[in-house]
Amino acid sequence: MPMNVLIVDDSAAIRKILERVLRHAEFPLGEVHEAGDGREALSKLEAQEVGLVFSDINMPNMDGLELLASMKAHESWKHLPVIMVTTEGGQEKVMQAIQLGASGYIRKPFTAEQIKEKLAGIV
Amino acid sequence: MNDQELAATIREAAGSVFSLMLGLPLESGPEYRAEAGSEGYDGVIALVPMGGSWTGSGRIICGSRLACRISSAMLMAEHAAVNEEVLDAMGEMANMIIGNVKTAIEEKLGTMILGLPTVIYGRNYRARSSGVRDWLVTPFQCGDETLDVQFFLAPSPPRTETAGGRTAPLAVPVD
């Protein structure tokens, strides 16, 4: 069954790259929705049915960790897998994301293979 | 951390971004110190500020031709002139290169926070950061085009503290 994906990143370039990787992965991709920050992501989650979220951490208005915390506190979204894709590779940020309930953590720059491996482990 | 160590970290970060995200060749030259804003630039500059235990800024500078080549490789779409997509791609390049340098140097210098990238495109412009006199410049060659990664880093000034050495919550009288 196709799965809708939400990609959250303030960089349109990264959103495009991730979408391209997903389209070429052996993954039952449905619709791809995009958001430029955490606030926009929450609006998209209200309006769309989503099965998986990729999120950056450093974003304006609401960052990825705040988004993750909001999702995990919400009855409808707390079970959605969230994969963080970020330049923040410090142990502190990784631990924070995992403690908040992130399903995976990919550091930029990434390869298509890394994304595919993470998908295989989660979906 | 001395200039050689910082330049080595910058080379590793830039090399990794170019090979993994772009598949473009990148050769580095010897690092040097240069005065900020001493020359006019043509092309694209992408800046990322940092704060925390140390304060600084990193920036990548290249001509418009290389900026278009970078965004074309990143997005797998032809960009003949600098547009919104090229500026966005250059902002993300700076974010990845400077962000990876930040993560690597945090082990020695303590936790830092990365700001959001700013990208500027123009001709004969000068860029100056307040209070910064000179930058560590690590030059790179991508084909026949050059790209500079410039870095400035200094210990953050000590925080202002109250006479007791710590701040306290505001006391609110209760009736």
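## A loop residue of chain B

Asn83(B) sits in the loop between helix H2 (64-75) and H3 of chain B, where helices (H or I, at least four residues) and strands (E, at least two) are DSSP runs, numbered from the N terminus. At 33% relative accessibility, Asn83(B) counts as partly exposed; buried means under 20% relative accessible area, exposed over 50%, and partly exposed in between (1.4 Å probe, protein chains only). Between Asn83(B) and Leu136(B) there are 53 residues in sequence and 29 Å in space, C-alpha to C-alpha.

## Basis of the values

This is a predicted model, in which local features need pLDDT of at least 70 and side-chain atom pairs count only at pLDDT 80 or more, while totals for chains, interfaces and linings use all residues. Residues are numbered from 1 along each chain as its sequence is written, chains are lettered from A and ligands numbered from 1 in the order in which they are written, and side-chain values use heavy atoms, with hydrogens and water left out.

## Chain B overall

Chain B has three helices and eight strands. Read from the N terminus, the order of its elements is α-β-β-β-β-α-α-β-β-β-β. Of its 175 residues, 45% count as buried. Of the contacts in chain B with a separation of 6 or more, 71% come from residues 24 or more positions apart; contact means heavy atoms within 4.5 Å.

## Helices H1 and H3 of chain B

Two packed helices are described by the angle between their axes and the distance between the axes. For helix H1 (residues 3-22) and helix H3 (residues 84-109) of chain B, the axes come within 9 Å and cross at roughly 140°. That makes H1(B) oblique to H3(B). Axes are lines fitted to C-alpha atoms, for helices over the stretch in contact, and angles run from 0 to 180 degrees between N-to-C directions. Angles under 35 degrees count as roughly parallel, over 145 as roughly antiparallel, 65 to 115 as roughly perpendicular and the rest as oblique.

On the H1(B) side, the contact includes Leu6(B), Ile10(B), Val17(B) and Phe18(B); on the H3(B) side, Met93(B), Ile97(B), Asn100(B) and Lys108(B) are among the residues involved. The contact residues divide into 14 nonpolar, two polar and two charged. Here Ala, Val, Leu, Ile, Met, Phe, Trp, Tyr, Cys and Pro count as nonpolar, Asp, Glu, Lys and Arg as charged, and the others, Gly among them, as polar.

Lys102(B) also lies in helix H3 of chain B and is buried, with a relative accessible area of 1%. Leaving out residues up to four places away in sequence, Lys102(B) touches Glu88(A), Met50(B), Met112(B), Ile113(B) and Leu114(B).

## The sheet of chain A

In chain A, five strands form an open sheet with parallel pairing, in the order E2-E1-E3-E4-E5; two strands pair if DSSP finds at least two bridges between them. Strand E2 (29-35) and strand E5 (104-107) stand at the edges with a single partner strand each, so one side of each is left without a neighbour in the sheet. Neighbouring strands are turned by 20° against each other on average, direction ignored.

Strand E1 (residues 3-8) is joined to E2(A) by five bridges, and Ile7(A) stands opposite Glu34(A) in E2(A). Helix H3 (residues 64-72) of chain A lies across E1, strand E3 (52-55) and strand E4 (82-86), running at about 175° to E4(A).

## Gly101 of chain A

Gly101(A) lies in the loop between helix H4 (91-100) and E5 of chain A. With a relative accessible area of 27%, Gly101(A) is partly exposed. Gly101(A) touches Leu68(A) and Lys72(A), not counting residues up to four places away in sequence. Gly101(A) and Pro81(A), 20 residues apart in sequence, are 8.5 Å apart in space, C-alpha to C-alpha.
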